[in-house]
Structures are given as structure tokens and as C-alpha cells.
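Please look through the points below with the model open beside them.

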Amino acid sequence: MGLVNGFLEIERKERPYEKVEARLKTWREFIHPLPPAEVGKQGARCMDCGIPFCHNGCPVNNIIPEWNELVRRDRWRDALEVLHSTNNFPEFTGRICPAPCEAACTLNIDDNPVTIKSIECAIIDRGWEEGWIKPVVAAKKTGKRVAVVGSGPAGMACAQQLARAGHSVTLFEKADRIGGLLRYGIPDFKMEKHLIDRRMRQMEAEGVEFRTGVEVGATLAVKSLLEGYDAVALTGGAEWPRDLPVPGRELAGIHFAMDFLVPQNKRVAGDDEARAAPKGTISAKGKHVVVIGGGDTGSDCVGTSNRQGAASVTQLEVMPRPPEKENKALTWPDWPLKMRTSSSHEEGAERDFAVLTKRALGTNGKVEALECVRVAGAGGAMKEIEGSGFRLKADLVLLAMGFLGPRKPGMVEQSGVALDARGNVAANVQDYKTSIPRLFAAGDMRRGQSLVVWAIREGRQCARAIDEGLMGATTLPR
């Protein structure tokens, strides 16, 4: 590394946010990029640490110190090449990844890690702006046909890698647009969708065929896919939401998070209300919103509710409030358990921890309040605290308590694949093969709900396994 004292001489500087009052008026991204010269200085903070723990912290094993150094030397195009060598879509991860690489950074021992995520995003955004990113077309075709089912980050990564290996790839998506979770699960204020469209155009030029509105297991049989293709990759995600089995659950105004988030993304995309919300409009405008679940999906519900004009937003989490700061000696370089406040929380939300919802209350079939109780302990040892019950006003309740795995009706049941103990499609990370010949699985459908960056990793590795299975050898990276 060229500037061994950079971490001592240069302060960490993150990308600034638009002010809350301004960003709540729009659905656009609100993070302002740093000037290239400042990004170069931030890259110079990457120390010659000997063992780059950030490599293992990153699920796709990004070669982080190398592209930090290249940015420091103003060799942006070379940095882009290194970045793309491990990650098909850095513009996605540079916006929505929680950055476990930064948690693993040696400088995080002092709570001052390199701004890896910001640098990654700056590299890829400049690559597009400068026109450096072109289709990577295979030198020759293999004559093999592969179907990829599900166009989220795992499916997109798998399809792109297979096309670059020379296979004829068709990517099937049951929704009306490509992108899966990226398109409809993540709000535009976190990641605008023209980023997906741009990658689609690149993938089309590389030979990927996109087919939307095709639900495998319903409008198209799994058997037909296996008969028409040499291999099939299942990358359909984990879409089965965890429910809240309490009295009053049937009251109007209680919805799964995705039933709230997806229509809003469709509105932003330009769909009219009939197309965006065919089952009826769910709006937070003027309502007291309660979000149950403290993860990323819950945070997205908070940000969306505030932009829709909610009267108030409260987020409940059944687990205890995490510590403000982790014990470095016990956790570093692993992902720490600590209090995390998202940009959506900063926009306005009450957060309450160690709260269990016992009942939903309402009149005329509409929810009006939640009956809650405080709990102590965790997991199976969690107990209600006597006399701690309270009521919370709620006109709209959004269930964001995670996902239990892939939906079983349709494709999963029809395929006959074996499931693991958690209800996910059973397949290992060596060959990604399911129990059915020529049928592979990757991403959240295989591993359970996880991060976009993990989905990209699995999609890439699954593509390598398919290529090796079809051709007897492969040059695709893991």
C-alpha cells in the first residue's frame, strides 16, 4: 500500500444525506456522492494491515484493499475491473448492503473503519458515467440452454454469469418487471430502479432472455422447463412471511409488509392505482402506524409511512434493545450485535424493544389499537413481565417479522425437491444441486432470508456449478 499512515492523517468522511424535511417530499435517493478527490483520500485510509479481514467480512469476497489503493492512485478504471471481478452488481450493494466489510475492517477496532461502501459505490457509478461498462459477450456459444427462475439478485447474477460462459439463458419472472426483491421489496429512496434497467440492457446484449409474467409452477410447469432446458436454477427467494397469530389478526388494517411496500414501488414506477394495488390501496396517510419487526423490512416500512404522511410511526421489536456499542474484544471482526439507527428512523419513528403483541383491538372490523406486554429474556426463555401491559393506538399495522422461507405451493411442491429442516430448498454450497437431477437452487430460496450480497454470491457460485456440470470444467470464478 502506498500511504501507510493514511489512516492516521486522514479522517473518515461519509457521504452526506439530504436534509430530512427535503427528502421526505420525494421518493428519490437522497445520499450525495463525495467528489472523486475526496473518495481518493478515503481510499488512502486503507492501511497495510497485513491480513485484510474485510475480504472475509464481504460475502462476495471483494478485493477491497486493491481497489482502495487504485482509487487512491486515481486509477479508477482499474479499480472498476477489480471490483467487477467478484461482484456483478456493485451499484446495488454500494447502496443497500449493511457493509459487513466495514465491521470487519481493522480500523473498526477503533470504530473508525474505511468507508468501503461509499468507495465501492463511487467506483461503479463513475464506471457507468464514463461509459467504461460494456456487455461481456461470450467468445463462443456452448449450445446448452439454461433456465433461471426468479429475477432477484441471485437470479440476475446466475443468469449473467451463465450467459458470459456461452450458454443460452432464459430468466423467468412471475411479476411484471425484472428485479424481484430489488425491484419491489426495496423502496426507491434506498435504490432507484433505473439501476436495474441499466443492468438488464447489458444482460440482454450478453444474450440473456427475460420473460416476465411467467409463474413457474402455475402458468408454466416445472416439468416443461426440465424438458426444454439442459439445467434449471431455482432462485425464487424467501417470500413466505412470518404471521402474527393473535386474536384480532383478521381486523382490517393489519397487513404484511410486502403488501404495503410493493404497491408503493409500483406507483413510483408510474403504475396507476388499479395496477399498483389490485387488492386495494393501503395508505399510511394521516394514520397512526405500528410496524412490528425491527429489521430492514421494518425500517423500509417506517420510511415509506413517513413519506406517505403518517400521523405517527412506532416500530416494535420483541428482542431486547441491543447495546449502543459492541464489545470489540468479543465480536471483531464478526458482525456485531449493536443498536443500529437507519436513515428512515432518523426521519421520525418511536422505537420500542422487548415488546410482545398480545391482541389487536378494533370496532366495526377495523383495527384501532394493539394490546402489548413487555418481556424479559430472549428466545425460548422469554417471559412476560407481570403488570407491564399497555395499549398502543394503531390505525395501520404492518407485519415485518421476517420470512420463513420459500412459498411451498406452486413451483416448490411441483418440482418435488427435498427441503431442509428449515423448509428451504435443500442444496449444498459446493454444487448447488437439489434432489432432482439438473435442478439447482441458490439465494434465499436455498439459504433462507438473507442479504442481497449473499444472494449475488450464491447466484455466481450456482452458475459456476451449472457450467461445470454441463461442460465438465469451468472458468467461472466462485
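1. Two strands pair if DSSP finds at least two bridges between them. Helices (H or I, at least four residues) and strands (E, at least two) are DSSP runs, numbered from the N terminus. In this predicted model, local features need pLDDT of at least 70, side-chain atom pairs count only at pLDDT 80 or more, and totals for chains, interfaces and linings use all residues. Residues are numbered from 1 along each chain, and side-chain values use heavy atoms, without hydrogens or water.

2. Strand 7 (residues 288-292) runs parallel to strand 8 (residues 312-317), and 5 bridges join them. Ile-292 has Leu-316 in strand 8 as its bridge partner.

3. Helix 16 (residues 296-308) packs on the sheet and touches strand 7, strand 8 and strand 14; contact means heavy atoms within 4.5 Å. The direction of helix 16 makes about 175° with that of strand 8. Such angles run from 0 to 180 degrees between N-to-C directions, with axes fitted to C-alpha atoms, for helices over the stretch in contact.

4. The open sheet has 5 strands in the order 6-14-7-8-9, with parallel pairing. Strand 6 (254-256) and strand 9 (350-353) each have a single partner strand, so one side of each lacks a neighbour in the sheet.

5. A nonpolar core is a set of buried (under 20% relative accessible area, 1.4 Å probe, protein chains only) Ala, Val, Leu, Ile, Met, Phe, Trp, Tyr and Cys residues joined through side-chain atoms within 4.5 Å. Among the 64 residues of the largest core, Trp-67, Ile-123, Leu-182 and Ile-466 touch the most other members. Helix 21 (residues 452-471) gives this core its largest share, 7 residues.

Methods:
Buried < 20%, exposed > 50% of the residue type's maximum accessible area, 1.4 Å probe, protein only.
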